[in-house]
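Please consider the following note on charged side-chain contacts.

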Amino acid sequence: MKYIYSPKVVVESFVNVNDNHRKFYTVQTDANNNRVTCTWGRIGGTAKRRVYKFSNREETRAFADKIVEKRFKNGYVQVDGFVAAPAA
């Protein structure tokens, strides 16, 4: 798994183009603030976003890992440099 590191945030991006799905999913993990932001939608469409807050870093990373594992099971592949459209 390849991560894009900044001092505070890890961003992982995925796409699913199998069977004309054309969907994306981005997981942004901010372990310093115990927050995971998920952004998803159809490629070229308006994104949706949800922020999850946790009480500690371990819960934050465990949740992010669970989301990433679920994306792989659902046919998504990880991509570098994907930028989602702004969320509605």
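**Salt bridges in the predicted model**

1. The side chains of Lys73 and Glu69 form a salt bridge, with an N to O distance of 3.3 Å. Both residues belong to helix H1, where they are four residues apart, about one turn of the helix. Lys73 is exposed, at 65% relative accessibility, whereas Glu69 is partly exposed, with a relative accessible area of 46%. It should be kept in mind that this is a predicted model.

2. Helix H1, which covers residues 57–73, also contains Arg61 and Asp65, again four residues apart, or about one turn of the helix. Their side chains meet in a salt bridge at 2.8 Å, N to O. Arg61 counts as partly exposed, at 23% relative accessible area, and Asp65 is likewise partly exposed, at 35%.

3. Which residue is linked with Arg61 and Asp65 in a network of salt bridges? The residue is Glu12, so that the network comprises Glu12, Arg61 and Asp65.

4. A salt bridge also joins Asp30 and Arg35, the closest N and O atoms being 3.4 Å apart. Is Asp30 buried or exposed? Asp30 has a relative accessible area of 5%; because buried means under 20%, Asp30 is classed as buried.

5. For the record, a search of the whole structure finds four salt bridges. Among them are the Lys73 and Glu69 contact, the Arg61 and Asp65 contact and the Asp30 and Arg35 contact.

Notes. Residues numbered from 1 in each chain as written. Predicted model: local features only at pLDDT ≥ 70, side-chain atom pairs only at ≥ 80, totals over all residues. Heavy atoms only, no water. Buried < 20%, exposed > 50% of the residue type's maximum accessible area, 1.4 Å probe, protein only. Helix = DSSP H or I, 4+ residues; strand = E, 2+ residues; numbered from the N terminus.
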